[in-house]
Amino acid sequence: MEQLEELGKGYVTLHADILPGYEFERAVIHHDRPDSSEYVIRSQESRFNCRERGIAAETAAEFSGQRLAGRICIANEAYLRYMGELEISRIDLPSDPRVNVIGQVAEKDRKYLPYIRDGLGFYLCPADGQ
């Protein structure tokens, strides 16, 4: 019932594990950009959230840079003007040194990824047990 209420408000909740230091991405309802991609969900708000903070290139050992479906990524300083853009992979993609893998959408919520399109919102909340 809660999920239907959220959908009526224009967003869905995605449970996700996010690495320490990137929890600030939980503080906002993100919206997929109007020019939706078949490969990733791209947050309209995220680059503005990161304007003041630099995002250095790093690879988390537990994710090994792989951008598997459901992985949450953020563009680092090597991506220049896109630095800070949050993405969620819809499909498995190759690793990219310009993108830090910072988390994973819970398996139970990955079924929603194909439907987050054209401005629909999503909110990242802690995965069960966090």
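**Notebook: loop, sheet, core, cysteines**

I looked up Pro94 first. Pro94 counts as exposed, because its relative accessibility is 58% and the cut-off for exposed is over 50%. The residue sits in the loop between β5 and β6. I note here that the model is predicted.

Next entry: the sheet. I asked in what order the strands run. The order is β2-β7-β1-β6-β4-β5-β3. That makes an open sheet of 7 strands, with mixed pairing. I then asked which strands stand at the edges. They are β2 (30-31) and β3 (40-42). Each has a single partner strand, so one side of each lacks a neighbour in the sheet.

I took one pair for a closer look. β1 covers residues 11-18 and β6 covers residues 99-105. The two pair in the antiparallel sense, over 3 bridges. Asp17 stands opposite Gln104 in β6.

His15 came next. This residue is in strand β1. Is His15 buried or exposed? His15 counts as buried, because its relative accessibility is 19% and the cut-off for buried is under 20%. I listed its contacts, leaving out residues up to four places away in sequence. Gln104, Val105, Ala106, Lys108 and Asp109 are among them. Cys125, Pro126, Ala127 and Asp128 are also touched by His15.

Then the core. I found 21 residues in the largest nonpolar core. Those with the most contacts inside it are Leu14, Tyr22, Ile72, Ile88, Ile116, Phe122 and Leu124. Which elements give two or more residues to this core? They are β1, β4 (71-75), β5 (86-89), β6 and β7 (121-126). β1 gives the most, with 4 residues.

Neighbours within four places in sequence were set aside. Tyr22 is then in contact with Ile55, Glu58, Ile74, Asn100 and Ile102.

Last entry: cysteines. I asked how many disulfides a search of the whole structure finds. The search finds 0. Cys125 had already come up in my notes as a contact of His15.

Methods. Residues are numbered from 1 along each chain as its sequence is written. This is a predicted model: local features need pLDDT of at least 70, side-chain atom pairs count only at pLDDT 80 or more; totals for chains, interfaces and linings use all residues. Side-chain values use heavy atoms; hydrogens and water are left out. Two strands pair if DSSP finds at least two bridges between them. A nonpolar core is a set of buried Ala, Val, Leu, Ile, Met, Phe, Trp, Tyr and Cys residues joined through side-chain atoms within 4.5 Å. Buried means under 20% relative accessible area, exposed over 50%, partly exposed in between (1.4 Å probe, protein chains only). Contact means heavy atoms within 4.5 Å. A disulfide is a pair of cysteine sulfur atoms within 2.5 Å.
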